[in-house]
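Here's a quick look at one protein model, starting with the overall fold and then zooming in on a pair of packed helices. Have the coordinates open as you read.

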Amino acid sequence: MPGRRLPRPAELAEILRPRPFVLNPTDRRLSRAHTIADLRTIARKRSPRAVFDYTDGAAELEESLRRARHAFGDVEFSPNVLRGVADVDTGTDILGKRSELPFAFAPTGFTRLMNHEGERAVARVAERERIPYTLSTMGTTSIEDVAASAPDARRWFQLYVWRDRGAGRDLIQRAAESGYDTLMLTVDTPVAGARLRDARNGLTIPPALTLRTFVDGALHPAWWLNLLTTEPLTFASLSSWGGTVAELINTMFDPTLNYDDLDWVRENWPGKLVVKGIQNADDAREVVNHGADAVVLSNHGGRQLDRAPTPLELLPATLDSVNGSAEVWLDTGILSGGDIVAAIAMGADACLIGRAYLYGLMAGGERGVQRTIDILRAEIVRTMQLLGVRTIADLTPSHARLRRGS
Ligand SMILES: Cc1cc2nc3c(=O)[nH]c(=O)nc-3n(C[C@H](O)[C@H](O)[C@H](O)COP(=O)(O)O)c2cc1C
């Protein structure tokens, strides 16, 4: 056996290659995130616990979310080889307009709670990446301000129907006047889901200064400093509120919501109409009969009904039921580009992502949302290449199936 020797300095110099130092501290932090799960870890460290839990949490036992995640883990891909996949096109048409990626940003309420850059940051990334952005009725930036911040973004507005129908009509009108081309009516929230983490954390909107949050302030000074030194955290479309999210929903939202209201929305909205929160195939057909251009199979990220159907599992029956007369989209539990590719292969026309971009936002504001997109895009491209597929249209059910029951 050859004896040992000391390495020569030239040999050492060759292998000593420290990573280039990233000057911007946010970029430095984000460069360590290689998956959405990594962004979630950073988000957790940087946010007050109640804020992280509000974003990360779901309702009751959180089974709806866990099962949705589990279904994506249960996917088995079936690749084709020798297909020449040097160039991949991730673009697709969503409701008649091209999106450079097969997903859109889902509506999320109270986005400036996660990071003071809030909705504007997300909309700007959507504009840059040419994917749609949905502003929530519960947003913390107004319809007009989002439009001004991202004038070239494809903007959608999500509507909750309130007891006060006049206020709803007003919002629809403002959205149309500000160039939002699609209205997304959310129908899975007649009452608030039981988000137990929020109840246990005593989360109120806006966050109240209590002894506990004061102590938390010492642990997350940057978040609190941003909260206190930027525009006050309020709902843009609601007058000020001082209670919990559940109290707000149960006070403002109308539990009598029914098909007449859907017809009312259809009559009052000139653009494309999407109905979000569909949880069975018959309802999907019914809302399409009432004029929906697309349905979103969704259990609201597991934040409403617990032990709800899993959107990916509902997909085949819904596609049969709708039979090509509307687009079928899907959300809940998407945390990777592979999840999105699987959903599209199994027949979804597009996906929505919620927490995946909120974790990015919490980890690093607009740059963090950009990191989310960079990660998802790289994962989508790589998965398509490994499947032997070059375009979104070429993804078919032959490429992905659920293993369970087989
Ligand atoms: C913090 C948070 C706030 C949300 N707010 C809204 C909302 O205001 N309106 C709505 O229709 N859906 C809302 N959702 C649901 C999302 O639009 C989407 O259905 C869900 O996040 C998808 O699941 P995912 O987070 O696992 O991607 C919210 C979700 C989260 C996580």
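What radius of gyration would a compact globule with 406 residues have, and what does the protein have? The rule puts such a globule near 22 Å, and the protein has 22 Å, so the two agree. Keep in mind that this is a predicted model.

Along the principal axes, the C-alpha atoms take up a box of roughly 85 × 55 × 40 Å. In terms of secondary structure, the protein has 18 helices and twelve strands. Of the 406 residues, 48% are buried. Looking at contacts with a separation of 6 or more, 74% come from residues 24 or more positions apart.

Now for the helix pair. Two packed helices are described by the angle between their axes and the distance between the axes. Here the pair is H7 (residues 118-129) and H18 (residues 355-387), which pack at about 15 degrees with their axes 9 Å apart. Because angles under 35 degrees count as roughly parallel, H7 is roughly parallel to H18. The crossing of H7 past H18 is left-handed.

Here's who makes the contact, helix by helix:

| Helix | Residues in the contact |
|---|---|
| H7 | Ala 121, Val 122, Arg 124, Val 125, Glu 129 |
| H18 | Tyr 357, Leu 361, Gly 365, Glu 366, Val 369, Gln 370, Ile 373 |

How do the residues of the contact of H7 with H18 divide into nonpolar, polar and charged? Seven are nonpolar, two are polar and three are charged.

Notes:
Residues are numbered from 1 along each chain as its sequence is written. This is a predicted model: local features need pLDDT of at least 70, side-chain atom pairs count only at pLDDT 80 or more; totals for chains, interfaces and linings use all residues. Axes are lines fitted to C-alpha atoms, for helices over the stretch in contact, and angles run from 0 to 180 degrees between N-to-C directions. Helices (H or I, at least four residues) and strands (E, at least two) are DSSP runs, numbered from the N terminus. Angles under 35 degrees count as roughly parallel, over 145 as roughly antiparallel, 65 to 115 as roughly perpendicular and the rest as oblique. A crossing is left-handed if the near helix is turned anticlockwise from the far one by less than a right angle, and right-handed if clockwise. Two residues are in contact if their C-beta atoms, placed from the backbone, lie within 7 Å. Ala, Val, Leu, Ile, Met, Phe, Trp, Tyr, Cys and Pro count as nonpolar, Asp, Glu, Lys and Arg as charged, and the others, Gly among them, as polar. The radius of gyration is taken over C-alpha atoms; the globule rule is 2.2 Å times the number of residues to the power 0.38. A residue is buried if 20 or more other C-beta atoms lie within 10 Å of its own, exposed if 12 or fewer, and partly exposed in between; C-beta atoms are placed from the backbone.
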